[in-house]
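This report describes selected local features of a protein model and its ligand.

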Amino acid sequence: MENEFGGSWTETKIEILEKYTFAYLTIMNKYPFHITYFDGFAGSGEIKIGNEDDYKVIEGAAQKIVDIGSPRSFDIYYFVEKDETKKQRLEATVKSKRSNNVFVVAEDCNVVLERLAGFLRKNKMRRALVFLDPFGMNLDWSSIENLKGLGVDLWLLSPTGVGANRLLKKDLNISEAWWKRLEKFFGIDRDLITKSIYKEEIVTDLFGSRTIITKSSKANNKLFEIYTEKIKTIFGLVSNPYVIVNRNNSLMYHFFCASNNASAIKIANDLVNKHNKKI
Ligand SMILES: C[S@@+](CC[C@H](N)C(=O)[O-])C[C@H]1O[C@@H](n2cnc3c(N)ncnc32)[C@H](O)[C@@H]1O
């Protein structure tokens, strides 16, 4: 019942989040804020690393975070996992580690993020650390937009390579359903996506001239660039990404922090830069 297989990058991603959370709690320990930890795609609590024949099972991010109790804990832990079976499994695990102030719900993260925003908006002393780790493109731009102006630090796994770039066909022959999915995820109009990633060229041969469409070889970077520009309209600051590639060195994900706080971004950059060097 664990989540699907992850690579060694899964462990690094969790390690970055854990270290950031410890730094966050250390800073927050000096202030009288009410702090919430929110995990919107929380999983079952365990992850398999490797493949069907050869794997190990590790603790997922949720378990690691509820374990951190020093220098302080969060006031509230809120976990969202859409799959009821995984939710039940996660709930049993995290509640066995921490009995108070832990909430686990089986809902769509996009719906619950709206409620989180309402909760934070009600009281200026409320802050939140939000971790969004979707499998694919199941996070809506409008959910991130809800967090504008709130005291939120966000860590987001963007499926720039495995999700978005795969939908952007070389010849721009993209179905209406795929365009809608891309627009809903990035919150960016298809014209801007097209303009940033494709170009028209006129090719001339013996039979005359024709126009061909080519996709940029840097499509992944361009997508990430336009996405982070968009995120900066909500949070102001975005860290460098931890760049996650597969065995063939193709980009899968960008994992990064967005915040309104410069110290948060500095801590995130230090963590990310240290791990990127190992690639
Ligand atoms: C990559 S896994 C999360 C792994 C987790 N962060 C960990 O460290 O163990 C993504 C999870 O999100 C869940 N999920 C997918 N769509 C969702 C949605 N719209 N709302 C909430 N959960 C969703 C999936 O069932 C899956 O368990």
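## Loop residues with positive phi

Where does Leu-172 lie? The model is a predicted one, and in it Leu-172 belongs to the loop between α6 (160–167) and α7 (176–186). Its phi is positive, at about 65 degrees, although Leu-172 is not a glycine. With a relative accessible area of 24%, Leu-172 is partly exposed, since that class covers values between the 20% and 50% cut-offs.

Asn-101 is a further residue other than glycine with a positive phi, here near 60 degrees. Asn-101 is placed in the loop between α3 (84–97) and β6 (102–105). The relative accessible area of Asn-101 is 44%, so this residue is partly exposed. As background, most residues other than glycine have a negative phi, and most peptide bonds are trans.

## A cis peptide bond

The peptide bond that joins Ser-70 and Pro-71 is cis, with omega at about 5 degrees. Pro-71 is located in the loop between α2 (61–67) and β5 (76–80).

## Ligand surroundings

There are 19 residues around the ligand, and those that come nearest are Ala-61, Glu-81, Lys-86, Cys-109 and Asp-133. Divided by class, this shell holds 8 nonpolar, 5 polar and 6 charged residues.

Which residue places a polar side-chain atom 2.6 Å from a nitrogen atom of the ligand? That residue is Asp-133. Asn-138 likewise has a polar side-chain atom 3.1 Å from a ligand nitrogen atom. In the case of Lys-82, a backbone N or O atom lies 3.2 Å from a nitrogen atom of the ligand. On its own the ligand has 610 Å² of accessible area, of which the protein covers 92%.

Leu-157 is found in strand β8 (residues 152–158). Its relative accessible area is 1%, so Leu-157 is buried. Setting aside neighbours within four places in sequence, Leu-157 is in contact with Lys-13, Leu-132, Asp-133, Pro-134, Ile-244, Tyr-253, His-254 and Phe-255. Asp-133, named in this list of contacts, is also among the residues that come nearest to the ligand. Leu-157 and His-254 are separated by 97 residues in sequence, yet their C-alpha atoms are 5.8 Å apart in space.

Thr-36 is placed in strand β2 (residues 34–39). Is Thr-36 buried or exposed? Thr-36 counts as buried because its relative accessibility is 2%, and buried means under 20%. Not counting residues up to four places away in sequence, Thr-36 touches Phe-74, Ile-76, Leu-116, Phe-119, Arg-127, Ala-128 and Leu-129.

Helix α9 comprises 17 residues (residues 219–235). At 1.5 Å a residue, the helix should span 24 Å. The C-alpha atoms at its ends are 24 Å apart, which agrees with that expectation.

Which residues of α9 are buried? They are Ala-219, Asn-220, Leu-223, Phe-224, Ile-226, Tyr-227, Thr-228, Ile-231, Ile-234 and Phe-235.

Definitions and conventions:
Residues numbered from 1 in each chain as written. Predicted model: local features only at pLDDT ≥ 70, side-chain atom pairs only at ≥ 80, totals over all residues. Heavy atoms only, no water. Near = heavy atom within 4 Å. Polar contact = N/O pair within 3.5 Å; in protein donor to acceptor, adjacent residues only side chain to side chain. Areas by Shrake-Rupley, 256 points an atom, 1.4 Å probe, with all protein chains shown as cover. Nonpolar A, V, L, I, M, F, W, Y, C, P; charged D, E, K, R; others polar. Helix = DSSP H or I, 4+ residues; strand = E, 2+ residues; numbered from the N terminus. Buried < 20%, exposed > 50% of the residue type's maximum accessible area, 1.4 Å probe, protein only. Contact = heavy atoms within 4.5 Å. Expected span 1.5 Å × (residues − 1).
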